Amino acid sequence: MKFTNSVKLYKKAVDLIPGGVNSPVRAFKSVNREAPIFVKKGEGCRIWDEDDNEYIDYICSWGPLILGHNHPKVIEEVKKIIENGSSYGLPTKYEVDLAELIVDIVPSIEKVRLTTSGTEATMSAVRLARAYTQRNKILKFEGCYHGHSDALLVKSGSGLLTDGYQDSNGITDGVLKDTLTLPFGDIEKVKKILENKDIACVIVEPIPANMGLIETHKEFLLELREITKKTETLLIFDEVISGFRLALGGAQEFFGITPDLTTLGKIIGGGYPVGAFGGKKEIMDLVAPVGRVYHAGTLSGNPIASKAGFATLTYLKENKSIYKDLEEKTKYLVKNIEILAKKYSVNICVNSIGSLFTIFFNDKKVENLEDSLKSNTENFSIYFNTMLENGVVVPPSQFEAHFLSMAHKQKDLDKTLEIIEKAFKNIGEKNGK
Ligand SMILES: *Cc1c(COP(=O)(O)O)cnc(C)c1O
């Protein structure tokens, strides 16, 4: 396999863009590669790079592409309006269509505001929670990622973990002081912190997927709901990944727990830039121009992105069996991965739910950030590189989840398992030495 064109592009990019990429994980830094692959095209569960190498893709744009790349239903809809113009700075029908569908499907959302990214959605939801409760402090969990706004970049997951740190530089002490953090799952400490009734909101990934995938105990979320209600703290479910993925109505439908506010992104844009935050009318009506919590955006509710999101959600709504199907495919992979790991004496812990899974190279059960950080990232790197060099792209970080799409078929899963066997064999041989 040759990577000449990608390497050339990367060398050029590094002089122009910090680290050569516009989002850190893309640099493939933690998996010991000279350069990332530069993607040219995607179709179904496959992508092609600038050297014309073909891969089965388990990144799927980090979640949006639950229908697979270039899904005809989505692309057809986009094509229909793309020649009408791009953006008007005035309302369009397509935003209303998407909002209607979101309100219809997501249990907790009575009103919704569209943004351009998940980051803006969580940032605005936190601002709204502060205004509504008239409290300043917020609580998040270690290793949960909620985008890159200042207040939420404390003990954060995703790309920060990949590069070996958890807090960003450039954030003021004042901001740091107002963001409290606790280990995911530690309900006793949550209860203690909320006792003072001075926390505006608890924000949580109901299925944490940005420190690798962590399995959620429903009991924890139920208790979180109860204690936040009791202390008049708002509960925000960050469903940027889990929304429309874990179930049509997201984690809140899956677990039967209704948060006060919900943030969405990824799938609701169908691969185009969209985010959203929503919740009870009473809270949402504090947002300008009704209330005085400011949120805006030149491209918020962009018609093309809204249309792509609408087409994606409509497809999911009309084909609910997708979720069962995705879960079965994931289970099939996970079951066989565990068998292969035994065969080659590779220590792993696979966490999975719905269409998401993470292979932790770890001999213990991974239940929170502390466990996750003990994973063997060298073994992960061998896994990643063996996969890539044999035509399968998995997330270039131990601290991310694999994403399945509807387009992954049985033969793709079996091909994937074949390569995983090679990877585990390589790891086993290295460890045997
Ligand atoms: C991806 C992600 C975000 C940020 O969304 P962007 O569109 O990348 O800004 C926020 N929360 C969670 C849980 C995410 O996975």
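Student: Which residue in E8 does valine 204 stand opposite?

Tutor: This is a predicted model, where local features need pLDDT of at least 70, side-chain atom pairs count only at pLDDT 80 or more, and totals for chains, interfaces and linings use all residues. Residues are numbered from 1 along each chain as its sequence is written, and side-chain values use heavy atoms, without hydrogens and water. Strands E7 (residues 199-204) and E8 (residues 234-238) run parallel, joined by four bridges; strands are DSSP runs of E, at least two residues, and helices runs of H or I, at least four, numbered from the N terminus. Opposite valine 204 stands phenylalanine 237.

Student: Which are the edge strands of the open sheet of seven strands?

Tutor: Two strands pair if DSSP finds at least two bridges between them. The order is E4-E10-E9-E8-E7-E5-E6, with mixed pairing. Pairing on one side only marks the edge strands, E4 (111-115) and E6 (179-182).

Student: Are H12 and H15 roughly parallel or roughly antiparallel to each other?

Tutor: Axes are lines fitted to C-alpha atoms, for helices over the stretch in contact (heavy atoms within 4.5 Å), and angles run from 0 to 180 degrees between N-to-C directions. H12 (residues 321-343) and H15 (residues 410-432) pack at about 20°, with their axes 10 Å apart. Angles under 35 degrees count as roughly parallel, over 145 as roughly antiparallel, 65 to 115 as roughly perpendicular and the rest as oblique. H12 and H15 are therefore roughly parallel.
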